[in-house]
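Please look at the sequence and the structure below. A short briefing follows, with points grouped by topic.

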Amino acid sequence: LNIDEKFNFFNPKAGISFNKDGHKAYASVAYSNREPERNNYTDNGNYPYPKKEQVTDYELGYQYTGNNWHAGANFYYMAYDNQIAQTGQTSDIGEALTTNIKDSYRMGVELTAGWAPLSWMSVEGNAALSQNKIKDFDEYIETYNNMTDWVPMDPTVKHYDNSTLAFSPAAIVNGFADFHIKGFQATWHTGFVSRQYMDNSECKDRSLPKYSRTDIHLSYDLRCGNKGLKHVLFGLDFGNIFNRRYASSGWAYSSILGADKPETDRYYQLGYIPSAGFTAMGSVKFRF
């Protein structure tokens with residue numbers, strides 16, 4: 001590879017904010033650039049050499065903080081030019097392949113809320129709800145004459161006007177309950193992630209199903225009260241306590257067998273990266 005690229009970026013940001021009596025409102029606009037990484041060049045497959053990524057980010061938000069509760073919402077629209085996005089395929093050593101998507105966007109809202117009804121208990125929640133869309137995308141699909149001898153042909157190009165970006169869930173929701181009395185703390189966390197597509201074709205057959213998991217964290221801070229050892233922290237973590245079976249990531253390979261029937265003869269392989277079932281881990285930390 002003969003690569004000698006220079007990138008000169010100007011990344012301005014401007015905004016305005018208002019704060020009074022627990023109320024906070026703000027608005028901002030930012031323009032930024034990102035250069036391709038080395039593996040975007042070396043593992044780009046059938047796609048042309050990558051270009052720099054540009055994004056204009058518009059944000060508008062409001063937060064309120066009361067005596068024992070808070071809530072907020074942040075609305076955003078990110079308009080991309082040549083977004084560097086995963087295609088869902090992997091290289092021969094397992095690296096995720098990427099390409100530039102000429103016109104795409106991410107739009108959504110981030111919600112947060114919390115309430116502490118008692119001095120020793122609080123509940124928190126957050127959610128990210130979004131649309132992550134491709135306006136204009138050409139997929140280059142490896143094409144072979146048939147499944148018998150696999151003679152390569154020119155790649156098949158499929159155009160998408162409006163599909164979902166790979167590995168971009170439309171909903172991520174988290175809930176927390178925290179209990180703390182003196183040196184003891186217990187935290188309950190339940191998280192939910194909606195369906196993710198493993199390539200940019202928005203094909204349900206090549207996707208990761210939605211999933212949720214719950215974790216529990218327990219800790220106790222033993223104060224020693226001497227000049228040397230000051231604290232001993234005991235921790236116990238239980239992960240995925242309901243032993244949910246799910247895959248948090250994966251890959252999809254697809255090709256076309258017979259250029260005259262590109263959709264009916266589309267062949268694909270799927271790989272899933274499963275997450276562990278129930279786990280337990282203990283820890284002891286010393287602070288001096």
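**Strands and pairing**

Strand E1 (residues 13-20) and strand E2 (residues 23-34) run antiparallel and are joined by eight bridges. This is a predicted model, in which local features need pLDDT of at least 70 and side-chain atom pairs count only at pLDDT 80 or more, while totals for chains, interfaces and linings use all residues. Residues are numbered from 1 along each chain as its sequence is written, and side-chain values use heavy atoms, with hydrogens and water left out.

Strands (E, at least two residues) and helices (H or I, at least four) are DSSP runs, numbered from the N terminus. Two strands pair if DSSP finds at least two bridges between them.

- Lysine 13 has alanine 30 in E2 as its bridge partner.
- The hairpin of E1 and E2 has two residues between the strands, and aspartate 21 takes a positive phi near 50 degrees there.
- E2 also pairs with strand E3 (residues 53-65), in the antiparallel sense and over 12 bridges.
- Alanine 25 stands opposite tyrosine 62 in E3.

**Positive phi in loops**

- Lysine 182 is not a glycine, yet its phi is positive, at about 55 degrees.
- Lysine 182 lies in the loop between strand E9 (171-181) and strand E10 (184-193), and it counts as exposed because its relative accessible area is 86%.
- Asparagine 243, also a residue other than glycine, has a positive phi near 55 degrees.
- The loop between E14 and strand E15 (247-257) holds asparagine 243, which is partly exposed because its relative accessibility is 43%.

**Surface patches**

Patches are made of residues with over 30% relative accessible area and no salt bridge; like charges are joined within 9 Å, and nonpolar side chains (Val, Leu, Ile, Met, Phe, Trp, Tyr) within 5 Å. A salt bridge is a side-chain nitrogen of Lys or Arg within 4 Å of a carboxyl oxygen of Asp or Glu. Accessible areas come from the Shrake-Rupley method with a 1.4 Å probe, and for residues only the protein chains shown count as cover.

- Phe184, Tyr220, Leu222, Phe234, Val284, Phe286 and Phe288 make a nonpolar surface patch of about 710 Å².
- Strand E13 (211-223) and strand E17 (279-287) are the elements that give two or more residues to the nonpolar patch.
- Phenylalanine 234 lies in strand E14 (residues 231-239) and is partly exposed because its relative accessibility is 39%.
- Asp103, Asp136, Asp138 and Asp161 form a negative surface patch. Asp and Glu count as negative and Lys and Arg as positive, while His and the chain ends are not counted; the place of a charge is taken as NZ of Lys, CZ of Arg, CG of Asp or CD of Glu.
- Aspartate 161 is in the loop between strand E7 (152-160) and strand E8 (163-164), and it counts as exposed because its relative accessibility is 55%.

**Residues apart along the chain**

- Asparagine 33 is in strand E2 and is buried because its relative accessible area is 13%.
- The C-alpha atoms of asparagine 33 and tyrosine 80 are separated by 9.8 Å, and the two residues are 47 residues apart along the chain.
- Asparagine 68 is in the loop between E3 and strand E4 (69-90), and it is partly exposed because its relative accessible area is 33%.
- A distance of 8.6 Å separates the C-alpha atoms of asparagine 68 and leucine 118, which are 50 residues apart along the chain.

Note on methods: Buried means under 20% relative accessible area, exposed over 50%, partly exposed in between (1.4 Å probe, protein chains only).
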